[in-house]
Number of protein chains: 2
Amino acid sequence: MTGRIFVVGLGPGAPEQRTPQADAALAQATDLIGYAPYVARVQAGPEVVRHASDNRVELERARHAIELALAGRVVAVVSGGDAGVFGMASAVFEAIDHGPAAWRGVEVTVIPGVSAVLAAAARLGAPLGGDFCVISLSDNLKPQAVVHKRLAAAAEAGLVMALYNPRSKARPHQLGEAFDLLRTILPGTVPVAFARAIGRPDERVILTDIAHADPEQVDMSTLVLIGCPLTHTIARANGEKWLYTARRVDEVE
Amino acid sequence: MTGRIFVVGLGPGAPEQRTPQADAALAQATDLIGYAPYVARVQAGPEVVRHASDNRVELERARHAIELALAGRVVAVVSGGDAGVFGMASAVFEAIDHGPAAWRGVEVTVIPGVSAVLAAAARLGAPLGGDFCVISLSDNLKPQAVVHKRLAAAAEAGLVMALYNPRSKARPHQLGEAFDLLRTILPGTVPVAFARAIGRPDERVILTDIAHADPEQVDMSTLVLIGCPLTHTIARANGEKWLYTARRVDEVE
């Protein structure tokens, strides 16, 4: 019996934003592995074994998946959004790269999904209309100095920024420090959006600007989107606003 | 009769990589608008009007969609991948922003999709495991000096780069110039991938490194992925390779 691994991006939350390809992979799985809230999101029969784990144990989880696959199981390693964007995909390959040679024989298929940044952008309008970057604010895996260097480089180069993992109880001050840094580079009127739990029942969107961005309105489930000088808001008669980034860049910034 | 606009990301190509939400929006459409190859990709009954257009007429196309919606039609404006990533979404909002006030009353819903960069990354392994950026190489809407400034900033900050619109007949030299620039910043061993038509029958993947990257292997349908010093290849016994970016950044680069 030959086992294999599917690394599956579940999409933002609503089942209609998950691809049929992801559903087909999940339907083949004998085992589900992932952070508990994502494993819980998958419907599966009682014969499917659920290995739900805590946050921050990505490598252990990846090794477990590889061992199960080599033992003949069909393992779906699940992540929210897209598994390749701060999800489980890189942990699986990292585990293989540093594991026994036999691990390179395991069959791994990564199934892409609609990432949180794409779902948030669609909900807001078209803030990613130009070049953009995606940065994790977490200092779990990299020093804060690297985070700050990247934020400054992106702002100076005129890239729109999507910030993942913007804030946790263990590091409540980082996001405010990031905003302070960006205020030294960007005009205060540059739009900022907080998009929380997009596509889920507790969805919440806040639009502000970098001068007024308040980290207290952000939690770990929020995607923070920071515009560039070409990002504009459009006010509608019903009080709603759209956010978009103009496509044409005329000047050398 | 109230019209509306759906801006729909069709995903990379294969129908199983398109979300049910996108299919549901397409099923409501009375009119399909977009670049001809994307409109052709949508299955629809003979009563649905297809407005296929050439490339580079995004704003005209957007205005046409708005006028149809205000006349009561249900218009699906379609893009490949995700409509918010170098697709039609920002053109629609740009047209509204610069159009008559009444245009702000039109109902616009953006449906996210699996973007080309996410599909290519999944096919390759997990090259987006860390922070990354997405940059269009086209000088249709921005000066080459801005493109070069952004490439240099991203490389110096250690971001993995996904390059859209890397090469066209009108500008065959740009990609080579971009590689030359990046060779002055990145170690020659940094992996580079050319991912063409991922998820479609004519899919083709080439793995190389920045020292050896050959622009002649790239066309307009190719997504160019440039790693960072933490991007590694894993050689498999069957001759295939995986590409992934390690998640841990130890040093201040």
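Colleague: How many bridges join strand β1 of chain A to β5(A)?

Modeller: Strands here are DSSP E runs of at least two residues, helices are H or I runs of at least four, both numbered from the N terminus, and two strands pair if DSSP finds at least two bridges between them. Strand β1 (residues 4-9) of chain A has 4 bridges to β5(A), and the two run parallel. A:F6 stands opposite A:T109 in β5(A). The model is predicted: local features need pLDDT of at least 70, side-chain atom pairs count only at pLDDT 80 or more, and totals for chains, interfaces and linings use all residues. Residues are numbered from 1 along each chain as its sequence is written, chains are lettered from A and ligands numbered from 1 in the order written, and side-chain values use heavy atoms, without hydrogens and water.

Colleague: In what order do the strands of chain A form the sheet?

Modeller: The 5 strands form an open sheet, β3-β2-β4-β1-β5, with parallel pairing. β3 (49-53) and β5 (108-111) of chain A each have a single partner strand, so one side of each is left without a neighbour in the sheet.

Colleague: At what angle do α3(B) and α4(B) pack?

Modeller: Axes are lines fitted to C-alpha atoms, for helices over the stretch in contact (heavy atoms within 4.5 Å), and angles run from 0 to 180 degrees between N-to-C directions. Helix α3 (residues 58-70) and helix α4 (residues 89-98) of chain B pack at about 70°, with axes 8 Å apart. The contact residues include B:L59 and B:I66 of α3(B) and B:V92 and B:I96 of α4(B).
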